[in-house]
Amino acid sequence: AVMMVPSNQALEEYWNNGAGKVLRDNYGTWDNVPDDVISKLINNNMLSSFISSVPSKFNSILNDANDPMGVSIDAIDSVWLGCNGAVYLTNRVYSPTAYVSVSFPALINETMRILYWGIEQEQYNIYLNSLNSYYSFFIPTNNAMLQYVDPCSYGKNRTQLMRFHYDASKVNKDERVWASLWNYDPVTQEIGDSIGKVTNVSVIRNRLKDILDTHIVIGNVEDGHTYYRTKGGTELRVDNVAGGIGGMTVSGSRQDNEGGQGVVVSDIYDQTNGGNGKSYILEDEPIMTTRKTVRDVLAEHEEYSAFLELLDGSGLLEVIHNKRYATAGQNISSFNTYHYTIYVPTNEEIKKLQI
């Protein structure tokens, strides 16, 4: 067989600046890393076949997720032959997939247990462990999950706030996450009375899936653009990337359109070295979507009133589409999931057409 053994220098770099930084921040020292966590690293570097691990076969070596491990000749500093195989001294650390995935911070950090519960319930760990994609994954902490405005309440008489909680004492994992329900004024942003709690697993999973889809971007949000499309099809805005930790902010359409401020990125975990992206930690609140429809936004701008008048008279506006999609206001019926881009001419441009 073959053992891939990283040098002390490689482990030091991995611990302080690489994917191991997550372990360092959570456990402090190598000695404090639990056996069931450290065993994933050791097992990934134990290759069962010497014949399949010689330099000519490096391209075919697979990791614990059956993805290419990325072993290269220039990563091997020395080789020792033993009676039952070889030891390769490497100048880099080959992490198990779980270590280099953007979901790793949520896996080992107790302050992110709520979202990781959702990851496991919806089997997003398989999706987020793919090394064939680059992800920008925004992870709201347990504290941030106390400030989730339920989008399913936008069409109700009262908007509601859900505060998610994690109960580690529950033997049944399905019962560990629940939410308290509160009245919420979206205009003043005041939280009113508690009106009960949600323990239905299907409802909790539904909301967490929505949160996950809103917090995953397939691609790099540090590539110089401002707006990005999420996995769920919504948009988010990223500002002050150069500000890094404590300066970089991200905004969903609710934060961007309803007078709020962008959510500050409190920490960044770089999983790009052998992994699949970066993880951005949010302490204050999750990314959320707006309750405003396109018509609501147009109505706020006098310079678009002529176009709005045409839209109102078009017969294209609706509140419910095919008995499935509902909003708090009127949306355009010709797009059944309400994901579209509209180019709006100003009043002056429309007047030119009417002359």
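## Helix 3 and its surroundings

The buried residues of helix 3 pack against helix 2 (21-27), strand 2 (46-47) and helix 4 (97-100), where contact means heavy atoms within 4.5 Å, and helices (H or I, at least four residues) and strands (E, at least two) are DSSP runs numbered from the N terminus. This is a predicted model, in which local features need pLDDT of at least 70 and side-chain atom pairs count only at pLDDT 80 or more, while totals for chains, interfaces and linings use all residues. Residues are numbered from 1 along each chain as its sequence is written, and side-chain values use heavy atoms, with hydrogens and water left out.

Within helix 3 (residues 35-44), the buried residues are V37, I38, L41 and N44; buried means under 20% relative accessible area, exposed over 50% and partly exposed in between (1.4 Å probe, protein chains only). The face turned away from this buried side carries D35 and D36, which are exposed.

## A buried glutamine

Q271 lies in the loop between strand 14 (263-270) and strand 15 (277-282), and counts as buried at 1% relative accessibility. The side chain of Q271 reaches the backbone oxygen of Y99 at 2.7 Å.

## Salt bridges

The whole structure holds 14 salt bridges, each a side-chain nitrogen of Lys or Arg within 4 Å of a carboxyl oxygen of Asp or Glu. One of them joins R205 to E122, with the closest N and O atoms 2.8 Å apart; this pair links distant parts of the chain, 83 residues apart, with R205 in helix 8 (residues 201-215) and E122 in the loop between helix 6 (113-121) and helix 7 (124-128).

Key. A polar contact is a pair of N or O atoms within 3.5 Å; within protein, one must be able to donate a hydrogen and the other to accept it, and residues adjacent in sequence count only if both atoms are side-chain atoms.
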